[in-house]
Amino acid sequence: MSAVHAAADAPAALDIAAIRSDFPVLARTIRGLPLSYLDNAASSQRPRAVIDAISHYYENSHANVHRGVHTLSQEATDLFEGARAKVRRFINAKSAQEVIFVRGTTEAINLVAQSYGRPRFGPGDEILVSWLEHHANIVPWQMLCQQTGATLKVAPITQSGEVDFDAFAALLSPRTKLVALAHVSNALGTVVPVHRFIAAARERGVPVLLDGAQAVPHMSVDVQALDCDFYAFSGHKMCGPTGIGVLYGRESLLNAMPPWQGGGDMILAVSFEKTVYNGLPYKFEAGTPDIAGAIGLGAAIDYLESLGMERIAAAEHALLVYANERLATVPGLRFVGTAPDKAAVVSFTIDHVHPHDLGTILDHEGVAIRTGHHCAMPVMEFFGLPATARASFAFYNTRAEIDRLVAALHGAREMLG
Amino acid sequence: MDLKDLYRDVIVDHNRHPRNFREIPDADRRADGFNPLCGDKLTVFVKLDGDRISDLSFNGSGCAISVASASLLTESVKGKTIAEAEALFSQMHQLLTRDDDAIDVTALGKLGALSGVREFPARVKCASLCWHTLDAALHQQEQVSTE
C-alpha cells in the first residue's frame, strides 16, 4: 500500500524520492539509461497501490456486481460502489447517483452527445466549443450535428493559446443548446478560466460540459463550485487504470436523459412488451462494468488524496517554472501556448528539427515525450504547425529529468539542426 | 540499435538540403501524401515522357526521415520508366519492412541509407510515405494516407 509521505495537514512539500519508489515503472531503464517519463498528459504511470488494489480484487473478491447474493458478489459490489463513493467525494458531486462509470472521457462525451443532445437538438440549434478542444470534444458533436442538423460553433483562441472570452460570449445565442469546453488544454496546457465561461452560459440557461481529462489529475476539482452540468474525465491520466473514466452529470439532467446503451444492469424489469429502466447511475451502465478498473480508480484517488491535490499542484507548478527557464536556453526553441495560467505541459518546436525526430532522438536518451498533433489538429492548424513536441509533467518528475530533456534537445540540434 | 543507423550522413544531408524540392507547375501527375500520426504532408509531382518519368519533384513538410526519403526518391526515380519505378517501390517496401537480408542493400545505392529505419518501427511510415504518394500519382489517385 502507498505510504503517506507527509502528514496530511502539513504544508511540507512532497517527498519526491519516496513517491518515486511507489511507482515501479519509474525504476526501469531504456537502453541502459534511466527512464524520464515526461508524457503524463497522454497517460500517467501507476503507483503500486493501484496495481495492488486490482490484483487484490482479482485474487480475493471477484464476482459480478449487483447480481448475486453470495459473498464474493457482495464484496465485489461493495468495492465497486465504494469506488463510486470515492469519486463522488473527490469531485464533490452532490450524490453518488451523479457519478457514471464509463470507459473514459471520450465515452463520457459521446454519452452526453447521444443521450442528452440527440433527442433534443435539431436544425438551427448550436453547440459551442473552443478551438482548444481535443478531438474527443469535437468529433462526438460533429457526429451529433450530422444526426440532428444542429451546427457546431467554435470560439477562437488567442496567440497565447487562451480561449477568447469576448468572442465566446458573442457566439452564445438563443440558438446555443450546449457549451462543451476543455478545462485544461491537452496540447498546450492552458487552464481555461471556466468559472467565467460557465457563468456566461448559465446566464443564458445553456448547460455546460467540461472535458476535465487534463484537469482532474492536477488540481482540486469541485463540480458543485464549478456549477457545471457535465464533467468528464479518465482514470489513466490520474494514476488509475486505462478503460475506466467518469461522467459526472447534474442529477436532474441525467434523470431526464434516456439510456444510451441497453442491456443488463440498466433495467428493473424486462418483458417483450416493455422494459422498465433502472435508476441512476445504473441506467447508463449497461452490461458488466469494468469492476477492477473502478476499484483501481478508487485506489488512485486514495493515493492522490494521501499526497494532497494542493501539494501535487504546487509540485507540478514548480516543475513547469523550472522547465520554462531551462527550455528557454535551447537555441531555436519556441514555446507554443504561453497562457499565464498553465498546467505542467510545455509544447514547443525547435527550428530545423521536426518534432517526430525529436521524439526518436530523446527516446534514445531515455526521455519519453509526445510528438505530433496531440489529438488536437485544429490547435496545430491555428499555430500553422504540423506538430509540436510536448513534455508534460507529473508530481513524480524531477528537475534532473528536465535537465536530461534539455541536454537531449541540445544533442538533437547538433545532430539535425 | 544506434541512432546513427537511422540518421546516417546521407539522410541528414538530404534533410538539410532536399533535392528536387519544388513544384512542377505543368506536372502530368501529382498526388498528396499525408501521415496523420505525425502530420507529415507532401506532394509529389511527376512529368512524363511516354512511360518514362522525365522529371520528378516534391514539396511539403515532414520529419528528417520523410524529407530525406522523398529527396532520395526523386534522385533515384528520375529517368526511370513507370514499371522500373514500381519495381523499385516494391524493393523499398521490402527494405523498410523485412528484417531479413533478402534485399541487396548495395544495389539500391543511396536508397540503401534508409535500411536503418526498419529498426525503428514507429518511423517506417515516415520513410514510405513518399513512395506511397508516388505510387498514387502514377495510378492517378489524388490522395494517399499512411493510416
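Me: Which residues of helix 12 of chain A meet helix 14 of chain A?

Reply: Two residues are in contact if their C-beta atoms, placed from the backbone, lie within 7 Å. Helices are DSSP runs (H or I, at least four residues), strands are runs of E of at least two, and both are numbered from the N terminus. In this case A:D357, A:L358, A:I361 and A:L362 of helix 12 of chain A meet A:L405, A:A408, A:G411, A:A412, A:M415 and A:L416 of helix 14 of chain A. The residues of this contact divide into eight nonpolar, one polar and one charged. Here Ala, Val, Leu, Ile, Met, Phe, Trp, Tyr, Cys and Pro count as nonpolar, Asp, Glu, Lys and Arg as charged, and the others, Gly among them, as polar. The model is predicted: local features need pLDDT of at least 70, side-chain atom pairs count only at pLDDT 80 or more, and totals for chains, interfaces and linings use all residues. Residues are numbered from 1 along each chain as its sequence is written, while chains are lettered from A and ligands numbered from 1 in the order in which they are written.

Me: At what angle do helix 12 and helix 14 of chain A pack?

Reply: Axes are lines fitted to C-alpha atoms, for helices over the stretch in contact, and angles run from 0 to 180 degrees between N-to-C directions. Helix 12 (residues 355-363) and helix 14 (residues 399-416) of chain A pack at about 120 degrees, with their axes 9 Å apart. That makes helix 12 of chain A oblique to helix 14 of chain A; angles under 35 degrees count as roughly parallel, over 145 as roughly antiparallel, 65 to 115 as roughly perpendicular and the rest as oblique. The crossing of these two helices is right-handed; a crossing is left-handed if the near helix is turned anticlockwise from the far one by less than a right angle, and right-handed if clockwise.

Me: How is helix 11 of chain A placed against helix 14 of chain A, roughly parallel or antiparallel?

Reply: The axes of helix 11 (residues 309-327) and helix 14 of chain A come within 10 Å and cross at roughly 25 degrees. The two helices are therefore roughly parallel to each other. Helix 11 of chain A contributes A:L319, A:Y322, A:A323, A:R326 and A:L327, and helix 14 of chain A contributes A:R399, A:I402, A:D403 and A:V406. This contact has six nonpolar, no polar and three charged residues.

Me: What is the handedness of the crossing of helix 4 and helix 5 of chain B?

Reply: That crossing is left-handed. Helix 4 (residues 82-97) and helix 5 (residues 124-138) of chain B pack at about 160 degrees, with axes 10 Å apart. That makes helix 4 of chain B roughly antiparallel to helix 5 of chain B. The residues of the contact comprise ten nonpolar, three polar and one charged.

Me: Into which domains is chain A divided?

Reply: Domain bounds come from an automatic or database domain assignment. Chain A is divided into domain 1 (52-305) and domain 2 (308-416), whose C-alpha centres lie 29 Å apart. In the contact, 21 residues of domain 1 of chain A meet 23 residues of domain 2 of chain A.

Me: How many residues does each chain give to the contact between chain A and chain B?

Reply: The contact takes 17 residues from chain B and 14 residues from chain A. On the side of chain B that touches chain A, the elements giving two or more residues are helix 1 (3-6), helix 2 (9-16) and strand 2 (40-49) of chain B.
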